[in-house]
Amino acid sequence: MKYQAMSETVLKAVGGKENITSVTHCATRLRIDARDTSIINLQLAKSADQALGAVVSGGQLQVIIGPNVTEAYNDFLDFAGIEVGGGTVADDAQTAKDLAEGIKSGNTAMGLIEKFGNVSAQVFMPIVPALIVGGLILSIKNLLVNYCGLSTDSGTAQVLLAIFSASFSFLPVYLGYQLAAVMKMQPIMGALLGAIMISSSISGAEGLDFLGIPIPTNDYSSTVVPIVLGVVFMYFVDRSLQKIIPDVTKLFLKPLLTMIIVVPVELIILGPAGSMMGYALSDAATWLMDNVAFIATPILAALNPYFVMLGLDLSLIHISEPTRH
């Protein structure tokens, strides 16, 4: 392993596997959530082989690696014997204790903000390459059509367009998988929920109902907020079922009951609510551009970091398409 020496040093610096609750990465940093940050040896982490630096922030040891962070992440997981997104999960009692200590110290609000930012990075950063590829492929296709004589009906153009479409249209599947992994559920369940939402039988379909309850018509391709709300709801359902379903039937019964509960709630309540948030953001941006264009750009630029943190910035990609937000 290229990063074995680094992994050994960082594992010692964080206090061993027992002090790790989860491991993720963003574009340049290996992010290790620690149960107790007071025992982290920051100087040791900074001295790790091929590490460009290290900081402790938001309950994490963040080791700066650079563009090869994915390789370092995989090597660290292998060396530490940790599954993807996994670690030593704190129980409910420990979580309640940590929250109580945060309230006493007065750092709860800031801690929650930092934690939310860390989770957002863990969910959205891994799918950024797909979005970049989609945008670049569309640019290449347009250049070939406009300046190289490529026909829009040619097989080459259709393949390039399919790559672009897949990068954005299947966004709920990518986000569902990533968010479920970060929340320590089976990632495939989050992906399954996303796939259900963009299914041609659901997305944009009219006249649907579930047990007589009408399902609002929404196009969920390229959306962000609906799948985020759905996976968060799935987390609470999953935890509840985990406690009451016997182990002997958990393998097949828990996923089945999870989807039976989550899918109707997502399609009837959460999905439409999430879409309304996207519509509201797009409508607000459009109103600003139409009425106060001279200050619209500074306002949107100032708010954009928060949109990115929430994943709402992607609602602006299709601002010219009223059915996609």
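**Talking through a predicted model**

Student: Is Leu303 buried, partly exposed or exposed?
Tutor: Leu303 has a relative accessible area of 37%. In this predicted model, buried means under 20% and exposed means over 50%. Leu303 therefore falls in between and is partly exposed.

Student: How far apart in space are Ala195 and Tyr220, C-alpha to C-alpha?
Tutor: Start with Ala195, which sits in helix 9 (residues 187–198) and is partly exposed at 34% relative accessible area. In sequence, 25 residues separate Ala195 from Tyr220. In space, their C-alpha atoms are apart by 9.8 Å.

Student: What span should helix 10 have, and how far apart are its end C-alpha atoms?
Tutor: Helix 10 covers residues 225–244, which is 20 residues.

Student: Why is strand 4 described as largely enclosed?
Tutor: Strand 4 runs antiparallel to strand 2, joined by five bridges, and also antiparallel to strand 3, again with five bridges. Strand 4 (residues 60–64) is largely enclosed by the rest of the structure because its buried residues number four of the five.

Student: Which residue takes a positive phi in the hairpin of strand 3 and strand 4?
Tutor: Across this pair, Ser57 stands opposite Gln60. The hairpin has two residues between the strands, and the one with a positive phi near 60° is Gly58.

Methods: Residues numbered from 1 in each chain as written. Predicted model: local features only at pLDDT ≥ 70, side-chain atom pairs only at ≥ 80, totals over all residues. Heavy atoms only, no water. Expected span 1.5 Å × (residues − 1). Buried < 20%, exposed > 50% of the residue type's maximum accessible area, 1.4 Å probe, protein only. Pairing = 2+ DSSP bridges.
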